[in-house]
Amino acid sequence: IVVSQDGLVLYGNGTVCDNSFTDNAASAICKEMGFDFAKQWTSGLSWPDLQNGYSIALDQVYCPAPKWSECTYSRSHDCSHGEDVFLTCGCTSLPCSPGKYHHQSSCICMDCPSDSYKYNEGGSFCSPCPANTTSMPGSKYCSCNAGMFWNETRCNNCTEGTASPRGALHCLTCPPGSTSEKDRT
């Protein structure tokens, strides 16, 4: 199940029947999978080829509260796949800090992968680092070559009379009486 998309609910290697299924059961399952809540649930034979490839694993799922540990269910059933449960889960969408993004299959803020970055808070994706730059997981910016600096989205060359080491966020003014190398290092 992906955030805000219907998914067929599977338990073990089988589907879940809608008998006794309620909003509490939907929320309990979403929370068990790492989401914050259930947006909606439906039942039916939406994907017959897929659904008929599974047995029916659970019936009579009853949850007095939206916690899986409080739910009861039966492993025997009197259902058809026309009663299979589909679920849409959601996140409260607290913004992720810079260098992190919301993974599409949960509500967890995850580090941006290597060679990508996210400069600001919020957002659900990381941007790839430009050519000839790199980053570590969870980065807010990409590391530029020596003689360059990062300006939120790309590397810029240091101007004459300034220099920078690899990975700098700004160029430093050369001390009086000195100049930078040709490559601004």
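**Strand β7 and its surroundings**

Guide: β1 and β7 run antiparallel and are joined by two bridges. This is a predicted model. At one of the positions, leucine 8 has phenylalanine 86 in β7 as its bridge partner.

On the β4 side, β4 and β7 are paired in the antiparallel sense over six bridges. Serine 43 has valine 85 of β7 as its bridge partner.

How well covered is β7? Mostly covered: six of its six residues are buried. In a regular strand, side chains alternate between the two faces of the sheet. Here both faces of β7 are covered. Val85, Leu87 and Cys89 are buried on one side. Phe86, Thr88 and Gly90 are buried on the other.

Now the helix. α1 spans residues 23-32. Its buried residues are Ala25, Ala26, Ser27, Ala28, Ile29 and Cys30. The buried residues of α1 pack against β4 (37-43), β5 (55-62) and β7 (85-90). Just after α1 comes glycine 34, with a positive phi of about 100°.

Alanine 28 and glutamate 70 are 42 residues apart in sequence, yet their C-alpha atoms are 8.9 Å apart in space. Glutamate 70 sits in the loop between β5 and β6 (72-74). With 36% relative accessibility, glutamate 70 counts as partly exposed, because the buried class means under 20% and the exposed class over 50%. Setting aside neighbours within four places in sequence, glutamate 70 is in contact with Tyr62, Pro64 and Ala65.

Tyrosine 54 lies between α2 (48-51) and β5. Its relative accessible area is 24%, so tyrosine 54 is partly exposed. Which residues does tyrosine 54 touch, not counting those up to four places away in sequence? They are Leu10, Asn13, Gly14, Thr15 and His81. Threonine 15 is 39 residues from tyrosine 54 along the chain, and their C-alpha atoms are separated by 6.6 Å.

Then the rings. A pair of aromatic rings is described by the distance of the centres and the angle of the planes. A search of the whole structure finds six aromatic pairs. One of them joins tyrosine 11 and tyrosine 73, with ring centres 5.7 Å apart. The planes of these two rings stand at 55°, so the pair is tilted. Tyrosine 11 lies in strand β2 (residues 10-11) and tyrosine 73 in strand β6, so the pair ties together parts that are 62 residues apart in sequence. Tyrosine 11 has 26% relative accessibility and counts as partly exposed. Tyrosine 73, at 31%, also counts as partly exposed.

Another aromatic pair returns us to β7. Tryptophan 47 and phenylalanine 86 form an edge-to-face pair, 5.1 Å centre to centre and 85° between the planes. This pair links distant parts of the chain, 39 residues apart. Tryptophan 47 is in the loop between β4 and α2, and phenylalanine 86 is in strand β7. Phenylalanine 86 is buried, with a relative accessible area of 2%. Phenylalanine 86 is also the bridge partner of leucine 8.

There is a ring cluster too. Ring pairs link Tyr11, Trp68 and Tyr73.

From β7, phenylalanine 86 pairs with tryptophan 47 in the loop between β4 and α2.

Key. Residues numbered from 1 in each chain as written. Predicted model: local features only at pLDDT ≥ 70, side-chain atom pairs only at ≥ 80, totals over all residues. Heavy atoms only, no water. Buried < 20%, exposed > 50% of the residue type's maximum accessible area, 1.4 Å probe, protein only. Helix = DSSP H or I, 4+ residues; strand = E, 2+ residues; numbered from the N terminus. Contact = heavy atoms within 4.5 Å. Pairing = 2+ DSSP bridges. Phe/Tyr/Trp six-rings, centres within 6.5 Å; stacked < 30°, edge-to-face > 60°.
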